[in-house]
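These are my notebook entries from one sitting with a single model.

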Amino acid sequence: MIESFGISGNWGWHFSRNEYVWSSGLYKIFGLDDGAIQPDYELFRSMVHPEDRMKLEDAGQILNEGILGSHSFRIIRPDGTMRMVLSRGDVYFTPDGAPAGAAGVILDITNQQRAALAVRAHNDRQRAVFEHGMIVPWVWASDGQALHAPGWCELTGLAPEDLQRNWYAPIEDREAVLRKLAEARERGKGYSLEFNAKVASGARVGFRVLMVPVSAGASPIREWTGLTFPATSAALEPQREALASGNEDQVRGLHLRAARGLLDWTFSDLAQASKLSLSTIRRLEEDADGPLARSRHAAVHALRQAGVAFTIVEGATLAVAKVA
């Protein structure tokens, strides 16, 4: 009865008689008619995805050494479809310790694998949204207890064990916020409000929370779900990365001119600070051709020493700023 669902099958192998037996369920997993073909271990290996065959023991390891591990691998059926299976088995020994036979079970875990991959992809999407926009998805119980809020603890510095009972701790004027959320739950309708919260960096950020009820038709509200996100785009900081040493060739003439302007330096000031000639500084700022790499490094170093930062913004743009 269990094997009739097509998700499990078993096999047996008697070594001395070289008898290899598959159950009806195993034929079904492999996409074969029951008894349509005489099974053996090499036939089994031939149906395993080529990239996964190395995971499996060869016949000699099983027959001579009694080695049979547990594995997850892909199989390819005769019709070309692919399934993910889980194999568990044991080798049996004679009284004198020689391998006598083996038996095992194979489970089709394709659906579980797909579900796991879907969950992983969903979590990766949530993580990407959180990292780039400080957006946190929420799930609250019907009584307002926080059940799920990936990223909220990381964002605010709240201890994970405090999420359920004290998720609102980083929020300013939390009593008013909790009161408004409770009123929304009482009405049983979606609601949004704004609040300020202290994040892990110590900054004070304005957030907006949107919460909506979850129920099946006319059934009672099962839970509440929603999003917390910065109230204004000003709270979203672009990704920044300091220009690494050795990459000064990315600094062009316009960046050097901007840096001089921030410092209120003349050509002579930069030449003196970098120990370069006036003509070299002029050629650098005009992006002239020639072997100027070493000179550019010297000019950038002098500007950095004077308080100028060269920063990569959003992966490609080079920004110039004066550091206080």
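How many aromatic pairs does the structure hold? I find 16 aromatic pairs, where rings of Phe, Tyr and Trp (its six-membered ring) pair if their centres lie within 6.5 Å, and planes under 30 degrees apart count as stacked, over 60 as edge-to-face and the rest as tilted. I note that this is a predicted model, in which local features need pLDDT of at least 70 and side-chain atom pairs count only at pLDDT 80 or more, while totals for chains, interfaces and linings use all residues. Residues are numbered from 1 along each chain as its sequence is written, and side-chain values use heavy atoms, with hydrogens and water left out.

**Entry 1: aromatic pairs.** I looked at Trp-13 and Tyr-41, whose ring centres are 5.5 Å apart with planes at 15°, so the pair is stacked. Trp-13 lies in strand E1 (residues 8-14) and Tyr-41 in helix H2, so this pair ties together parts that are 28 residues apart in sequence; I take helices (H or I, at least four residues) and strands (E, at least two) as DSSP runs, numbered from the N terminus. Both Trp-13 and Tyr-41 are buried, meaning under 20% relative accessible area, with exposed over 50% and partly exposed in between (1.4 Å probe, protein chains only).

Next I turned to Phe-30 and Phe-44, an edge-to-face aromatic pair with 6.0 Å centre to centre and 80° between the planes. Phe-30 sits in the loop between helix H1 (24-29) and H2, Phe-44 in helix H2, 14 residues apart, and both Phe-30 and Phe-44 are buried. I then listed one aromatic cluster, whose members include Trp-11, Trp-13, Phe-30, Tyr-41, Phe-44 and Phe-73.

**Entry 2: the largest cavity.** I searched the whole structure and found 2 cavities of 30 Å³ or more. A cavity is here a set of points, on a 1 Å grid over the protein atoms alone, where a 1.4 Å probe fits but cannot get out, and lining residues have an atom within 4 Å of a point. The largest cavity has a volume of about 110 Å³, a volume being the space filled by probe spheres set on the points, which are joined across faces, edges and corners. Of its 16 lining residues, Trp-11, Tyr-41, Phe-44, Leu-68 and Ser-87 are the closest to its centre. E4 gives the most to this lining, with 3 residues.

Is Ser-87 buried or exposed? At 9% relative accessibility, Ser-87 counts as buried, and its place is in strand E4 (residues 82-93). Leaving aside neighbours within four places in sequence, I find Ser-87 in contact (heavy atoms within 4.5 Å) with residues including Gly-69, His-71, Phe-73 and Ile-106.

**Entry 3: the second largest cavity.** I put the volume of the second largest cavity at about 30 Å³. Among the residues that line this cavity are Trp-138, Trp-140, Phe-195, Val-209 and Thr-228. Val-209 is found in strand E9 (residues 204-214) and, at 4% relative accessibility, counts as buried. I also noted that the C-alpha atoms of Val-209 and Ile-135, 74 residues apart along the chain, are separated by 9.8 Å.

**Entry 4: helix H9.** Which residues of helix H9 (residues 267-274) are buried? I find Leu-270, Ala-271 and Ser-274. The buried residues of H9 pack against helix H8 (253-263), helix H10 (278-285) and helix H11 (293-305). Lys-275, which follows H9, has a positive phi, near 60°.

Key. 1 Å grid on protein atoms, 1.4 Å probe; cavity = no way out; pocket = protein on both sides within 12 Å on 5 of 7 lines; lining within 4 Å.
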